[in-house]
Amino acid sequence: MRVPLSWLREYAPIPEPADHADIARRLTAAGLEVESHEPVGDIDGLVIAQVQAIEELAEFKKPIRYCRVATSEADLAADPQSLRGVICGATNFAVGDRVVLVLPGSVLPGGFEIAARKTYGRVSEGMICAPDELGVGEDHAGIIVLAPDAPLGADFTAYAGLRDEVFEIAVTPDRGYAVSIRGVARELATAYGVAFSDPADPEPADLALLGSLTEEGPDVYPASIGDPGACDRFVLREVRGFSPSAPTPAWMWVRLARCGVRSVSLAVDVTNYLMLELGQPLHAFDRRKLTGPIVVRRAAAGETLETLDHVVRTLHPDDILITDSSGPISMAGTMGGLATEIDDASADLVIEGAHFSDVGTAKMARRHRLHSEASYRFERGVDRELPLIATARAVSLLASLGGGAVVPGCTHAQVPVEPVTISMAAGYPDAVAGVAYGRDTVIRRLEEIGASVTQEVAAAPTIAPWRDQAGRTEGAGAARAVPAKPEGQPGPVAVLHVTPPSWRPDLTDPADLAEEVIRLEGYEELPVRMPRAPAGRGLTAAQKLLRSASRTLAESGIVEVHTDPFAPVRDADSLGLAADDERRPAVRIANPLSEDEPFLRTTLLPGLLRALARNVGRGFPDVALYESGLVFRPRPGALGRAPILATDRGPTAPELASLAAALPDQPQHIGAVFAGDRELPGWWGPGQAATWADAIEAARAVARAAHLQLQVRAAARMPWHPGRCAELYLCPRADDPPVDPPAKGGAAPLSPPGPDGTKPVPSGMRTTAEVHVGHAGELHPRVIAAYGLPARACAMELSFTALAEAAQAAGKVAGPTLSSYPVATQDVALVVGAAVPAASVEAALVTGAGDLLEEVRLFDVYTGAQLGEDRKSLAYTLRFRAPDRTLTAAEASAARDAAVAEAGRRVGAVLRG
Amino acid sequence: MRTLAGSVRAHWKQAIRTMSAPNKNYDPVEVTALSPEEIERALEAALGAIAAAGSLDELKAARLAHSGDRAPLTLARAEIGALPPQARAEAGKRVGAVQGQVKAAIGRRQAALEKERDERVLIAEAVDVTLPAARQVQGARHPVSLSAELLSDVFVAMGYEVAEGPEVEAEWYNFDALNFPPDHPAREMQDTLFIARQDGLPGSSGIVARTHTSPVQIRSLLTRPLPLYVVSPGRVYRNEASDATHLAAFYQIEGLAVDEGLTMADLRGAIQAFVDVLFGAGLRTRLRPDYFPFTEPSADVSMECHVCRGASVKPGADPCRTCRSMGWIELAGCGMVNPRVLVACGIDPDRYSGFAFGLGVERALMLAHGIGDIKDTTDGDVRFSRAFGMEL
């Protein structure tokens, strides 16, 4: 909101000269943030002149006038041709009009210097000004024509109040009263400790015109409230015989412009002026266009209204309307109707001031996307006492500026509203602030904001009187136990009963009153009490795990990135997902930023692949990226709608469950993508390209960080290469190995415990089902093409949530027992079918070798003609060690033979001869 | 030399002959080798040979010749027994001293030659240690993740715990329970991304992409025991076009403390402690009134600019890019937990009070590291993450 200082000063006489920085600091400290400050209108050499003669110069492309202007009473009697000549391109004036002349030597806003010069074949000694040339608004339709009584020869800058300072203030939505000069001036007066004079106090002149403010006038246009929920006060007053062509005085249109409001006509300008000053939106109807009594009511189905902006609007049954017997004539507090609008012939005016429902106007404005100055104020709460006052000032101003007669009295329809009184322990603001203000200060500050305060000694009232006491005493269904106040009645205390002023509907709770006291006393005065450390438990296991998994990946040469969580429609197809793939259904945003990206991601891969392509495109061909973040999967059968629960009590467990049931699944995933070389070439030798194996190893590394050993088997799943894709999973129980299927097809191997104590499975898990974790491998060539990636790019994605749960279930790592007896090492080369997974061979060796086996390690894979078609040789080192003795060569050999025999039995392995 | 050698041989023959007999005979011919002149000559010969040895091999030969079992001095020493008893001590002393001189000379020469050899060999083996050897491509953490962890850790060190919640959230958690009444203009302070109904029907789903991390406050208040000190970092969403300082999806971190007797003084203390840890002690903080529905009173927090420390405000001072010469930097929003929030979570506001604060993670990062464009954080360019490495 833009506020000129001159206007504030009328009601808050702060000392001269005012330091704008100090004003800004004090207003901001009071909660009205001053965003900017602008000195305006510092122009010398503007005089009020009268046009005495006009010579039309017709020889140019546009109409040009050569005017003779008088700047003193003496000039009026002189021969016009002897007067100052000025060239002017506007035509909206006539001889005898008073205008604003800028004299040579002056400088207009924007550094525009005025000089006497020859133009259009004449000497122009100055310029007749349009509003925008003076830096007042944007209007350049014509020059300023002043009222005939504007003092000839006077300094226009002083006459119109041009010289001013304009503050731009950001008003928070809770403080509707501050969207007005009245509200800001009140805060300014308090901030400077000067007396505030309220512009809403009725002036004796107005009362003389109208009788008392509330006096009804039988001749005023009739009105009634049809829906008490829509409007609780509706006031009409009338002016008849008004001159529609009367000009708006300069001081008024200058102020309107300073506030960013365009001057329209006197009648409209007066309503706007009073809205800015008081905060009460007003509307003017042309009485001759009204038919039958006015009723404020909700819309009926199918009703329409053409509003001032020439849009025909279909009304909603919740819309609040002002109607006459012809139907809707205005959308209450939002925008007036075209048919009853005042025009340049309207002489009989009906001025409406009302107090409409804040929620009702907010909903209507949003529903029709019709946010006006009026709705902005009604949404934030308007002073319910203002309609009577503002309408009185309006008709008084209209009559005095535009002629016409005020019809005595008013039409006043209202629904009685009880004033709110808040009871609060006098010490409550002290308890919130941690400062001993004392009762006198609290009362003084509350009275400063306009509240009335009474006190008594009584038991301390609750600070949450709105609480659902019934629900609280029952307590049975509450989701959490309500911690009861310790028993034992506290003694009586000083209690304040505070009735906030009518302009502060935002003050409803003791906490609101505490804030008023504390902000006026100054946040700068609050003490600092350094924290006393509570005993925290630190990060959870899952939080620590995510950090170490992330660090593991980064240290292995992968760069963490964050990608956009919004997903384009085409991703599912680009990834080649099947119609029934669980990554296809996505959470859809109802109002997406871009229609191309209406979804939230169901997988991390597309974002990572795009980032990969971007890096390659920027000249980084050897790149590995990872990301950890949530993915969003609609829950099959979820409720369509999450209910809105009560807020005057704690929710019950079933209520919370109903919210949880409506939300999508949001597991945390970790994904990684690879392109180019994983190890770089250099003077040391050739590089190593990133392969499917690196993608799988990255996943294994994440699992190792969780002390879990990931199991791997071949799988076919988009977006991976069908022959180079691994499914990643965890086995349920070490002592319950899955049965190996025959050599061909996906085997389910079991790996041994790692030498460092990693557990193959979460031993504490009750389920016997495998835990699926994710996939890794080389990407499908079609996907590589779709995302514009280098050939053979690879990727992995796993559910960190599943991994963390498994780690949690697995419990603590069992410390290893270290044997210091010597190791016995045996190498075996086994020939198996080419399709037998190495993991199956290894699992067989582990089972066959028995407890003496410490480690098994594959060190070579060989295929060749001498092995025969479809055969391969896998060479393993088996390390044996006993906990209690040195193994004999015979013992080690026996264990090796048993391992080989088991491999022979399970997967048909034979020792390579 | 030959004479000496001959006499040695004679001595041996004689020694064998008279093995068991004491050497009582004095044979002036046979003990010529022990004459001072002979000894001196042998010494000079030895020292000359040692000095002349140009390599370890030559030194080895010189050692064998002049200090070995067949060296003249060794043989001369064996003749001592042939001397009359009264002469033996003096001769033995003389030979021993000379032998010591020879040994020491060999040792010195040995050390010198070895050093020479080592230097030669190691110099030949020298490499160019300035050769780069980064065989592995460089990985890195994302600075926004690191920033969130850093900010969390500051509060974890103060005894707070880290709480998390879903990013797609029920409106009740995101708005209603936080005292954003339906249709209140406060809801429009945050441009919300609404989630469409899963069943495809029109109308509100009651679900939004969370606009702040504050719903985690509600989840914490509903599930954790009191007193409660939590901090919640996470991603939040706004229906807002990206520019140099705004993203539609960005990170916030919020703190919440609910206990008996907490006041605004405690809130100021928590914020001051946070600024002290993050930017170093000595920067003042300032609260000014603001409005958030879930806190009452509410404030925004500014801290003294950590770069110019307010110096740029003075007339004629160098301008400060970080605070735009304002002297203060807006850091966070905060306030005392609105009793309405406590009631909505089933907590007795007559017994418990609390404070909350929140700030943008990217903003804190950008301030601390002079980053100009927030879009760099979601671009995925490896250069951005790599610039920060593994820790901020």
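Gly629(A) stands opposite His669(A) in β33(A). The model is predicted: local features need pLDDT of at least 70, side-chain atom pairs count only at pLDDT 80 or more, and totals for chains, interfaces and linings use all residues. Residues are numbered from 1 along each chain as its sequence is written, while chains are lettered from A and ligands numbered from 1 in the order in which they are written.

Strands β32 and β33 of chain A pair in the antiparallel sense over 8 bridges. Strands count as paired if DSSP finds at least two bridges between them. Helices (H or I, at least four residues) and strands (E, at least two) are DSSP runs, numbered from the N terminus. The open sheet has 7 strands in chain A, in the order β29-β32-β33-β39-β38-β37-β36, with mixed pairing. Its edge strands, β29 and β36, each pair on one side only.

| Strand | Residues |
|---|---|
| β32(A) | 623-630 |
| β33(A) | 668-675 |
| β29(A) | 559-560 |
| β36(A) | 711-714 |

Leu612(A) is in contact with Val623(A), Leu625(A), Val673(A), Ala675(A), Leu789(A) and Ala793(A), leaving aside neighbours within four places in sequence. Contact means C-beta atoms, placed from the backbone, within 7 Å.

Now chain B. Chain B has 12 helices and 10 strands. Its radius of gyration is 46 Å, well over the 21 Å that the globule rule gives for 392 residues, so chain B is more spread out than a compact globule. That radius is taken over C-alpha atoms, and the rule is 2.2 Å times the number of residues to the power 0.38. The C-alpha atoms of chain B fill a box of roughly 135 × 60 × 45 Å, taken along the principal axes.

Notes
Contact = placed C-beta atoms within 7 Å.
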